[in-house]
Amino acid sequence: STLQELGLFERALAPQEKSLGIRQREMGEEHPDTLSAAAFHARLISRLGEEETAEILHGQVLSRSRRILGDLHEDTLRRISDQAHILKKRARYDAAEPLMAEFLERCQQAFGDDHALTLEAFADMGNLLAATGRFDAAEEFLLASLEGRRRILGEDHASTLQTNFDMGYLRVKQDRPDEAETM
């Protein structure tokens, strides 16, 4: 994980695969720690630019996570998000959108609107809608995330700042340059 955080994805692959193999052998495929390691592996594969393989791996991890942990478990919710993100990255917006909507709905159901993961889901949905050119719909979700993050996390939190940036970018796309500059 340290190598990955440093952006040394190629160097991170061998120890990550070894770690996953140990977990699979010692704990079994269905252990929550093995699922976490498999999700980490899929994200690393994506960062290496192997999106097609990453999509398959994310799908496998998500399927096992749903079966083992249930749809409202935080780890499963993160895996729904992972799968939606890889689909978005591959410009498969029609496949990503229902997953992103499920991610948001289940986060609201499990944690309410003011939880950090729910606020992330609002932002993710807004960014997906913006990527598909539905700027007005995106605005609703991004504003919900921004307002919640300001209230819960504060103005200077990295997630709040990122959503503020996303709103500025959306304002550019909406041809509202003065508001974009303010954001």
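E29 is partly exposed, at a relative accessible area of 35%, and its partner in a salt bridge is R64, with the closest N and O atoms 3.8 Å apart. This pair joins distant parts of the chain, since R64 sits in helix α4 (residues 51–69) while E29 lies in the loop between α2 (9–27) and α3 (32–47), 35 residues apart. The model is predicted, and a search of the whole structure finds 19 salt bridges. Here is a quick tour of some of them.

**The E29 and R64 pair**
- R64 has a relative accessibility of 18%, so this residue counts as buried, the cut-off being under 20%.
- E29, at 35%, falls in the partly exposed class.

**The E30 and R67 pair**
- R67 and E30 form a salt bridge in which the closest N and O atoms are 2.7 Å apart.
- R67 is exposed, with a relative accessible area of 51%, whereas E30 is partly exposed at 44%.

**The E155 and R150 pair**
- A salt bridge also brings together the side chains of E155 and R150, at 3.4 Å from N to O.
- E155 is partly exposed, with a relative accessible area of 46%, and R150 is likewise partly exposed, at 33% relative accessibility.

**A network of four residues**
- Salt bridges link R66, D71, E102 and R106 in a network.

**Background**
- Side chains of opposite charge can pair when their charged atoms come close.

Terms used
Residues are numbered from 1 along each chain as its sequence is written. This is a predicted model: local features need pLDDT of at least 70, side-chain atom pairs count only at pLDDT 80 or more; totals for chains, interfaces and linings use all residues. Side-chain values use heavy atoms; hydrogens and water are left out. Helices (H or I, at least four residues) and strands (E, at least two) are DSSP runs, numbered from the N terminus. Buried means under 20% relative accessible area, exposed over 50%, partly exposed in between (1.4 Å probe, protein chains only).
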